[in-house]
Amino acid sequence: MIQCNYERMEDKIKTFSRFGDTGKGGITRFSLSDEALASREEFVMRMEAIGASIATDDMANIYATIAGTEDLPAIVSGSHMDSVRQGGNYDGILGVLTAMEVAETIVKEKISHRHPITVIVWTNEEGARFEPAMMSSGVICGKFDKETMLASQAKDIPGYTFREALEKSGFKGKEENRLDSSKTKALVELHIEQGPVLEAEGMDIGVVEGVCGMINYEFTFTGQAGHAGTTPMKYRKDALYAAVKTIQYLHDELDQLDSKLVYTTGKISAHPNIHTIIPDEVKITLDARHQDPEVIKQVLAVIKRIPSVVEQCEVSYEEAWSRKTVSFTTELVDYVEKSAQECCYSNRRIYSGPGHDAQFAIDLVPTTMIFVPSVGGHSHCEIEYTPVENCLKGANVLLNTILHIDKEH
Ligand SMILES: [Zn+2]
């Protein structure tokens with residue numbers, strides 16, 4: 001069995017970790033920042049060196065293509081290069097680096113392939129500098145309005161728009177170069193798991209079946225402000241206490257549902273947020289994720305049972321946003337599983353909790369993903385880590401998956 005190369009994989013990870021290096025083990029590489037542009041230039045240089053032709057589309061997504069022996073649609077693989085502030089060296093970039101390593105292995109080992117093989121770099125997946133996340137895949141897959149996205153303003157430079165960053169980048173290309181169903185046979189994105197499951201279960205590879213559906217609700221508790229020293233407890237309408245009671249209720253009820261359900265209250269605001277004043281308005285969020293829409297319905301039923309008045313405070317809530325479960329292309333999921341087995345790597349099927357560009361791409365082209373373990377489940381932080389051996393195993397599964405797709409008639 002043909003395998004990717006350990007030293008080359010390690011070199012790629014080390015080299016790209018320099019672009020935006022925080023000096024503390026991680027990177028800050030906001031989309032289209034100088035650091036991100038330097039990593040793109042390195043990518044182009046390395047892909048040209050192995051004979052790839054480079055194209056970019058109108059959202060600055062990059063496509064580096066190795067020609068096949070026949071005039072067929074391309075097999076595409078890659079991910080994003082941008083990071084969150086003080087992020088790690090694996091989220092996104094590992095999907096690009098493993099696809100590069102697969103292309104390099106195919107070229108160096110002279111592996112014959114019928115389809116062109118394209119390594120893709122998506123622009124602005126994180127949305128850490130220009131909101132929203134998955135911006136460019138969203139535009140080309142018809143999820144987001146392009147003009148609205150171009151007007152998105154940088155969080156670090158007031159008034160600086162995504163449109164200006166795009167024009168200045170030197171990577172803005174033609175709309176006709178976009179990922180397109182007629183020119184693409186399949187898309188496979190490798191990513192770190194960003195959670196603890198694969199490592200805890202001793203698995204080398206996650207065979208990703210899809211991306212979990214999720215709901216995000218915002219709750220408002222309205223009470224009455226009052227002096228902390230004068231208002232007897234029985235007369236209080238303490239909105240924060242009502243919120244705490246509700247959070248406790250949600251935990252008690254949601255813990256009864258399926259064990260794969262994950263839910264979080266990650267955001268809370270208290271008004272007026274002064275230590276001598278009883279809070280009169282508190283807002284909290286609830287993010288809940290599960291692959292089965294029936295379980296999400298059960299979560300909604302739990303929410304609907306919250307009384308309209310809790311601890312004498314009025315309760316209202318609304319859906320901030322939601323996402324339906326995305327299922328990846330069955331045949332491609334099977335190829336990933338088969339490839340992992342052929343490589344004798346332990347593997348299990350898994351759903352992704354986080355969102356990825358691949359979940360938008362599937363609206364255009366047959367798509368799937370491969371996960372490799374994240375040590376300690378850490379991600380979006382500087383200690384994010386996946387050993388080179390695991391990255392290489394991921395690359396080998398990606399290589400064999402692509403070769404299976406290539407042989408398919
Ligand atoms: Zn990512």
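Trainee: Which residue in β4 does I62 stand opposite?

Mentor: In this predicted model, I62 stands opposite V121 in β4.

Trainee: What makes β2 and β4 count as paired strands?

Mentor: Two strands pair if there are at least two bridges between them. β2 and β4 (residues 117-122) have five bridges, in the antiparallel sense, so by the cut-off of at least two they pair.

Trainee: And which residue is the bridge partner of T56 in β2?

Mentor: That is I62 again. T56 belongs to β1 (residues 53-56), which pairs with β2 in the antiparallel sense over four bridges. β1 and β2 form a hairpin with five residues between them, and A60 in that turn has a positive phi of about 65°.

Trainee: Why is L187 called buried?

Mentor: The cut-off is 20 or more other C-beta atoms within 10 Å. L187 has 26 such neighbours, so it counts as buried.

Trainee: Where is L187 found, and which residues does it touch?

Mentor: L187 is found in strand β5 (residues 184-192). Leaving aside residues up to four places away in sequence, L187 touches V76, S77, A358, A361, V365 and T367. Take V365: it is 178 residues from L187 along the chain, yet their C-alpha atoms are separated by 6.9 Å.

Trainee: How do you know that β2 is mostly covered?

Mentor: Four of the five residues of β2 (residues 62-66) are buried.

Trainee: Why is α3 described as largely enclosed by the rest of the structure?

Mentor: Because 14 of its 16 residues are buried. α3 covers residues 93-108, and just after α3, K110 takes a positive phi of about 50°.

Trainee: What span is expected for α3, and what does it reach?

Mentor: At 1.5 Å a residue, 22 Å is expected, and α3 reaches 22 Å from its first C-alpha to its last.

Trainee: Why does the radius of gyration of the protein chain agree with a compact globule?

Mentor: With 409 residues, a compact globule would have a radius near 22 Å; the protein chain has 23 Å, so the two agree. Along the principal axes, its C-alpha atoms fill a box of roughly 80 × 45 × 40 Å.

Trainee: How is the protein chain divided into domains, and what separates their centres?

Mentor: The domain assignment gives domain 1 (6-211 + 326-408) and domain 2 (213-323). Their centres, taken over C-alpha atoms, are 37 Å apart.

Key. Residues numbered from 1 in each chain as written. Predicted model: local features only at pLDDT ≥ 70, side-chain atom pairs only at ≥ 80, totals over all residues. Expected span 1.5 Å × (residues − 1). Buried ≥ 20, exposed ≤ 12 C-beta atoms within 10 Å, placed from the backbone. Contact = placed C-beta atoms within 7 Å. Domains from an automatic or database assignment. Rg over C-alpha atoms; globule rule 2.2 N^0.38 Å.
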